[in-house]
Number of protein chains: 2
Amino acid sequence: MVHIEDISTPARVAEPEEGIGRDELSLATRNHGLPLEGLRYDVTPPGMHYVLTHYDIPYVAEDAAWELTIGGHVDRPLRLGMDELRSYPPVTTRVTIECAGNGRALLSPRPVSQPWLVEAVGTADWTGVPLRTLLAEAGVRDGAVDAVFTGADHGVERGVEQDYQRALPLEAALGDDPEVLVAYAMNGAPLPPQHGRPLRLVVPGWYGMAHVKWLRDITVADQPFTGFQQTVSYRIRQEPDEQGAPVTRIAPRALMVPPGFPDFMSRSRVVRPGEVKLEGRAWSGRAPVTAVEVSTDDGRTWDAADLEGPDRHRWAWRRWHFDWTATPGQHVLCARATDAEGGTQPLDQPWNRAGFANNLVQRVPVFCPQSP
Amino acid sequence: MVHIEDISTPARVAEPEEGIGRDELSLATRNHGLPLEGLRYDVTPPGMHYVLTHYDIPYVAEDAAWELTIGGHVDRPLRLGMDELRSYPPVTTRVTIECAGNGRALLSPRPVSQPWLVEAVGTADWTGVPLRTLLAEAGVRDGAVDAVFTGADHGVERGVEQDYQRALPLEAALGDDPEVLVAYAMNGAPLPPQHGRPLRLVVPGWYGMAHVKWLRDITVADQPFTGFQQTVSYRIRQEPDEQGAPVTRIAPRALMVPPGFPDFMSRSRVVRPGEVKLEGRAWSGRAPVTAVEVSTDDGRTWDAADLEGPDRHRWAWRRWHFDWTATPGQHVLCARATDAEGGTQPLDQPWNRAGFANNLVQRVPVFCPQSP
């Protein structure tokens, strides 16, 4: 007889030379990143925004039948349909969301999970109702500490069967900067199924795991939430048995549109000799980005890039650009962001057992042939 | 000094125990398949349809500036803007497109390229102008044999720098069943960038490589086209030096929505004991699907599934369903399609060096625990 432990094994780290396995590939073929040329768009076109789903994308035949319940440590439990949610004054916020596991597959040794390189990011205009409006209506009681969000996605993880659940400290849930949204629209259209149709949480500045999709319940709790995705997963640990720090806000990062054109298989880049306009985006969920620097010699020397803005979209990435003169040979281009808290991307990997929050500087090898 | 050969290596087949490499992963993180639960939709929601791009997705700042040229062996070369193309009576066709490389990563040994498992498929309503209308207007001269389509996507492949180019035999290009479309809309909206914005070819029944995206030129040729994607790639070969048969129409295939719910990492499925409704889709680009069979014992015995339709969408997949009673234990579920030409999916892998047209029967391992 097979047991759940046979199909749901403990977390592990790959052997030094171990290639990507079938399990990691199964995740990589269904989830997807932003093709980096998509960094050219202020708002990521539908279908190019990164997607990670832990389990299956729930099938929702009728948005009209969806209900959000709000209960727990509140005075007036609520049950809200989609029409009711849409009757509140809508708020739209442009938000860059990055997966907490972005950069995981570049770590050495590699934590075995969704094998992102650097592309698990995207920016959208999200429209919905401020969470604090709904919580005010429900009347949060004294003594509440967490708001727990439950999605309709269901699965097993490390032997634990679960609906996807995450909590926010009540202070963050009630905050107005950032203001958390219960969102029903993405870029002006109903949410696509893979982005949480019909309803999801959007928590500006936080890694993706906080933005609970297919949101069906909010429970206010007077005890800290200890569910799987809060205390077992999404923790920064060096050793398997330590409690670890929680994964929360997005560390600063800059990414570059790889210049020139690619080789199909190696994905190496080819540029012509001469002037090359480098560009990309930079973001941080901790504090506004204050500087982007570019290196064209694999991180030995750095020059300031032109950072556009700031504009009114505090929670979205900012565009940067840099003029480079390519000379024949091989080059490694890098960009790194610094935010107003002084956080700068590292040149050495910030390794942890589950591969979270790896904002190691991106390296873009470029080959410049002799002029023809 | 580095040379183009150093970044663009020959095609190869993986060693027997070789894991997925960084190059394959780089493709897998940017391209993506249909999450198989998406087989529930008649028309694949935007962003869930499979995407494969050989090079970068071209950035098109203004659709209005796009031009399609039609020339070569014609009487009246044409230059058409988007408004002109949209002024023709629009035709909408529902088409299932599958990548020619679908199933590649299941082959043993594994051809090294985009490592699809089974999910590189999707169905959309494509709207555009029939190609035969445009070719009639240009006036194809006697002696023409091929229509060559050039996209704006540019890169290197096995040492050959190229714009993506594919040809269709003139007979197929002028055909009315299927009718090839020069398409500017997908599911009623302008093409998303990754699906060819603003213009692409749609060739119902053919594998994805024929549906040239970012279409900018059609050249009618009086000699067979011998470009890279026609004579080097997209060939069925057992040995590297043989000419090989061209990849053309889609082989019959059925896929199942994996029942129950998944384990996050292993992607194994868990179902409760009792009645389970199995469902999926089946298609063939060669002839209409005439039967789908299901096996719940890893292909030892087969039973007929209920195949819905046919409806008016000849070039789209058909839904099928099958009632199964799950009993505690481990099961391997399979489905296979047969088309009107008598083609049935194989139980043994149809191996070839580049991993094309692998319609090996899908295997869905399912774990059914004892009732609680």
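**View 1. The centres of domain 1 of chain A and domain 2 of chain A, taken over C-alpha atoms, lie 26 Å apart.** This is a predicted model, in which local features need pLDDT of at least 70 and side-chain atom pairs count only at pLDDT 80 or more, while totals for chains, interfaces and linings use all residues. Residues are numbered from 1 along each chain as its sequence is written, chains are lettered from A in the order in which they are written, and side-chain values use heavy atoms, with hydrogens and water left out. Domain 1 of chain A covers 4-246 and domain 2 covers 253-368, with bounds from an automatic or database domain assignment.

**View 2. Here is where the two domains of chain A touch.** On the domain 1 side 41 residues are in contact with 23 residues of domain 2, contact being heavy atoms within 4.5 Å. Together they bury about 3100 Å², with 58% from carbon and sulfur atoms; buried area is the accessible area (1.4 Å probe) that two parts lose on being put together, summed over both. Leu39(A), Arg94(A) and Leu107(A) supply 20% of what domain 1 buries against domain 2, more than any other three residues.

**View 3. Zoom in on Arg253(A) and Glu98(A), whose side chains meet in a salt bridge.** The N to O distance is 2.7 Å; a salt bridge needs a side-chain nitrogen of Lys or Arg within 4 Å of a carboxyl oxygen of Asp or Glu.

**View 4. Helix α2 of chain A (residues 22-30) is largely enclosed by the rest of the structure, because seven of its nine residues are buried.** Helices are DSSP runs (H or I, at least four residues), numbered from the N terminus, and buried means under 20% relative accessible area (1.4 Å probe, protein chains only). Among the buried residues of α2(A) are Glu24(A), Leu25(A) and Arg30(A). What do they pack against? The buried residues of α2(A) pack against α2 (22-30) of chain B.

**View 5. Now for the meeting of chain B and chain A, with 71 residues from chain B and 71 residues from chain A.** About 6200 Å² is buried between the chains, and carbon and sulfur atoms give 63% of that area. Ile7(B), Phe264(B) and Met265(B) supply 12% of the area that chain B buries against chain A, more than any other three residues.

**View 6. Arg30(B) reaches across to Glu37(A) in a salt bridge.** Their closest N and O atoms are 2.8 Å apart, and the count between chain B and chain A is six salt bridges.

Technical notes
Buried means under 20% relative accessible area, exposed over 50%, partly exposed in between (1.4 Å probe, protein chains only). Helices (H or I, at least four residues) and strands (E, at least two) are DSSP runs, numbered from the N terminus.
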